[in-house]
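Reader: Hi! Could you walk me through this one? I'll ask as I go.
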Amino acid sequence: MVPLEQLHLNHVLQTVSALESVILRSFGPEGGQVLFTRDTGQVMLSRSGKRILTALHLDHPLARMVVRCVWKHSTITGDGSKTFVLLLASLLRIIHATASKETHMFQSHNSTKAAEAATARHLADKLLEFALTELDKFIVLNVLPHGFCVSLENFTAKTQHNLSFQTLLVSFFHTRLGYAYCDFFRNLFCELLSHWKVKDDQPSFSIQLLNNSFPALHTQVSGVPVSCSRLIEGQVIHRDFATPCPQVRKQPLKAAVFNGYLGIVHFSSWTERSVESIIATLQSFGVSVLLCALKQSSAVLAAATQAGMCLVECVSEEEISLFTYVHLDFHDCEERLKVKPCSLVICAPSEGQADQHACAFQDALRMLLTALEPMHKTQTALKKTIPSEECTSLHTDNISNEAACRVHLHQKCVIETGCVISAGGTFEFLLHHALHQYGHSCSVSVNTSAVSQLLAKALLSVPRQIYSHNLKHFLQAQTRVMALIPRQPNALSNMSLKLLDLGFESVSCKYQLVLAVLQCLTNLLRMNMLLRTHTILHTKSHNSLNAHSESSEDEDED
Amino acid sequence: MSRLVKKSPSVCTDLPLNSSDVCNKLRLMKELLKSSYGPTARLKQVHNDIGGAVVTTSTSSVLLQAISCSHPIISLIKGSILNHVSRYSDCGLFASVFCLSLIEEAGRCGLRKDVMIRVYKHLLSLCTAHLQQEDCGCKVKLDFCSSRSLITLARSVIASKPTCVLSEPESAHISRLAVQAFLLTVPCNIPDKVRLGRTVTIPIEGHSVLESAVFSGLLLDTPENISLGSLCSPLRMVLFSASLAGDLSELGDGRIEVHQGVDTDSQILDQLLELGKQVLKDEVKLFVCQKVIHPVLQHYLRCNGVIVIERLGISLMEPLIQLTAQPVATLHTTIPRAAYGEVHNVSVRQFGSKTKIHLHPAGKTTTCTMILCHRNETMLNELKQLVCQKTEHVLRLTLREPCALLGGGCTETHLAAYIRYQSKNDVSESSPVLSCSQTEYLLAAEAFCRSLESVATSLEHDNGASLIDLTHAHHWTLPSDVTEEHLKDATALCGCGVVQSCQNRKWSYLNTEYAEFSPAPLLTAAPLQPTVLDSFTAKVNALEVAVETANLVLDVRYVIQDVN
């Protein structure tokens, strides 16, 4: 007999609230680090919601589903994982409150619980539909006029555009690494970007390149203060020489890259000679460094040593592809002269911290990619994530796909690339205001009005958490943002200059975040039952299902 | 069978620094490390519950590794300090005591953690900027024209490890040897890139420390009945890394087909003797192998007047290659002329029961050998592994930055006085930048200075009092059995030995309040030479690592422990 577990709305709410309580410790400008240990005993640090949630090793299937949604979202955008959970919890709370009031909508159900669930499901579907069709309009009309555009052209110069680009980076690093190092890493980031800038290409091209080859581009060093992190010219191959490296060598060096074995592996006098002839040929080309992806036989090492060549074994695939990219793809064109390949050395006293900084760097690249991409592209990226999430829901639906297509049609000129807005809840305040107004206008149906009110209310929970230590600041911030609304300024006014010190965040990241949260919400509420299947091998571990961590203890009361 | 085991959920702790359990653990760790700090440190015995070897030590790298961490915060601090020690070899205890004091003081003054972090970071940058200045009062320029300050530096490192149980003349002897060995490894004719040589340390048990010595060149183990006939210099030599014992394992993977009735062993031996013949033809006088040599080949070579040395070991391979400037010969091809190396001469040296063959270099070399003697094994091990290697590393660091810091706690008290003075002066400019109030800034600065001073105080373990003089801000200790009047005695010296006592000098006990003042530079015509010096590079790094780690720990709000 398979154990059946009825899923109720309050179970879902409890689960998400438990996750929220973990996340809140590192949320906002006042948030701190979360320290976690791996099963290997390694100590890691993070302020990234994605890493914190995955470190929890949750048992509850619902919690795991939420974590997977967060994981997917932040892998694409590199940001917004904590806001994701926060917004989701707030939406669930409001839906729960509404549903328990309005159970009369589905009187046909035989229990109040079921009626509640049906109302909630209905609300969630409506919310998603509303967001997919209308949300972009609201953002374009009400949020964008207060935003600024970021471009990658000449970002190092001190003009207004670049100021906003740099502020965007500073605020990102602030949320990830804390106050202490945000300026330092901003400068390092800009420097890295300017070294790898390829002229005449799309600005996002070099970021994409950096993002793809980041593992090969950076080196982590522990035991040294963070301020020693720097860029070094050239590329670092993270392997030692397998043959002794002579000190004096002629310039320029010639290197050869091998993907496979040199010569034939089996030992015989014939291959010995063939290895020698290969080495001799390489020598005649003037090659003095050999980079090999695989471990070479001792005959090859001996031959290379005798020929005075430096051989490096087991070079990782990423390093080889970056090496070939820099040296072959750029080789003939003029681009090569403009790009100055360099790699990043990230220093920190402990391994965990160095790793955290490296992750933040990579996420910054992802975040910039999302911020700079035109909106219609990101739509398709979003659509890709839908089918896999649908597998978890019990119903299949056509609404989201249809809606997505409809959005896609009038998407073209919607949001210009790289739009940013002041951080500290400005996006939420503005959108809240717009939705609120819309809900109260008489032209909309009751249904839509309710839904937009609901979303508006949920959005406010984000700034409320940002200023959670001081309610006065929350009200001050809200008033400040509200004062902006009648003016519709396009340039930096005095008011918006004041907001500058709060930092910036990307509008398109925020937009995607709201959509992703609503997708996740719909999926969560569509489930009504939990089937715990288990194979014979797992009978023992099934008993331990009830053993829960402190944080998720209350999730599973049945 | 599937080996899949379900992962159990993680254990979480909210706001770990508020829990008294974590605070107690941190305090305990601080007390433990504090009592192991300095030349009069109390030693610690480390032994496990299953009867392993007992280790006696006061060194941070050994102690920290022995602490099994019950909490992730402890292992975070431990990891940072161990990483620092692995890079700089020195000041590990300074960094850990300072870091733990900073955390404790931050908890004591009750300010918001993010304010503490900001102020600590700001004060750290003040400290490092001050230390980098030319006229910094606690910095000493190292003079490479005389070995005196180098010996003082080496001696301070050696004296801070009381486990070796060295007497005054013994530690002086070892520090001289360490500097001598260091100087031998620095190349004279410098090409564009400097590559330091190697010191090979050979421990010999049961002799007096004063019999330790340093030799240029290499000393290798050799069978006792070696006879050095008349050898003309220079000697040609050959070096093998592959085993010459006649086994097939070295030949790599693959299949070997053998005709029926063929004796593989004798075939291989024939090949080896062939090699021997070639070597003899090429007039090689010294035949060295990293691994085992077949006894027949050994006998053959010895009979023909070749010195044979086998089982050299991987650790001696590189120094030997450097000494003789030769590549390693391989069995894959016939030995080319270029694969032979040269030594100038060989001689036999006797150290107690051990016989060593001394290879004298053919030209100038940066390889040297240090023979270390001590009475018993534990002390010898500590002397070899910790003291000599660390001293060598610290001395090498001076090449990067030719300065040192005053030891004996004087740098700490000087910095504390400097920061106190600076923070009072720039409070109105700094506090708005750090977005905190003036009171908060001053409180946090006071916590920082107290932590620095507490490192200086922890040098004293015999109930003595620690004091600071109010002109130069140096550190003074007052033994428990004398009164303060004794300090005015003109023979008294401060911790590092630079400042001499005089009648009108004023003192204040550390950890009591005193009016802030700017430490005055020493302006005497013939200043005293410091008797205790610390490595500049290591200490600056330790300072930064300590503050950064403390900041990190203060920023931790939540702990998730994977219990799998």
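Reader: Is B:Thr185 buried or exposed?
Author: B:Thr185 is buried, with a relative accessible area of 0%. Buried means under 20% relative accessible area, exposed over 50%, and partly exposed in between, with a 1.4 Å probe and protein chains only. This is a predicted model, where local features need pLDDT of at least 70, side-chain atom pairs count only at pLDDT 80 or more, and totals for chains, interfaces and linings use all residues. Side-chain values use heavy atoms, with hydrogens and water left out.

Reader: Good to know. Where is the place of B:Thr185, and what does B:Thr185 touch?
Author: B:Thr185 belongs to helix H7 (residues 168-185) of chain B. Helices (H or I, at least four residues) and strands (E, at least two) are DSSP runs, numbered from the N terminus. Leaving aside residues up to four places away in sequence, B:Thr185 touches B:Leu196, B:Gly197, B:Arg198, B:Thr199, B:Thr366, B:Cys368 and B:Arg396. Contact means heavy atoms within 4.5 Å.

Reader: Nice. Switching to the sheet in chain B: what order do the six strands have?
Author: The order is S7-S12-S11-S8-S9-S10, in an open sheet with mixed pairing. Strands S7 (218-221) and S10 (307-309) of chain B are the edges, each pairing on one side only. Two strands pair if DSSP finds at least two bridges between them.

Reader: And how many bridges join S8 to S11 in chain B?
Author: Three, between strand S8 (residues 235-240) and strand S11 (residues 341-351) of chain B, which run antiparallel. B:Met237 stands opposite B:Gly341 in S11(B).

Reader: Which helix packs on that sheet?
Author: Helix H10 (residues 314-324) of chain B does, touching S7, S8, S9 (286-289), S11 and S12 (354-361) of chain B. The direction of H10(B) makes about 150° with that of S8(B). For such angles, axes are lines fitted to C-alpha atoms, for helices over the stretch in contact, and angles run from 0 to 180 degrees between N-to-C directions.

Reader: Over to chain A, then. What span should helix H22 have?
Author: At 1.5 Å a residue, the 20 residues of H22 (507-526) of chain A should span 28 Å, and the end C-alpha atoms are 29 Å apart, which agrees. The expected span is 1.5 Å times one less than the number of residues. H22(A) is mostly covered, with 20 of its 20 residues buried.

Reader: Last one: what does A:Val257 touch?
Author: A:Val257 touches A:Leu291, A:Ile320 and A:Phe323, not counting residues up to four places away in sequence. A:Val257 and A:Ile320 are 63 residues apart in sequence and 7.6 Å apart in space, C-alpha to C-alpha. A:Val257 is partly exposed, at a relative accessible area of 30%.

Definitions and conventions:
Residues numbered from 1 in each chain as written. Chains lettered and ligands numbered in written order.
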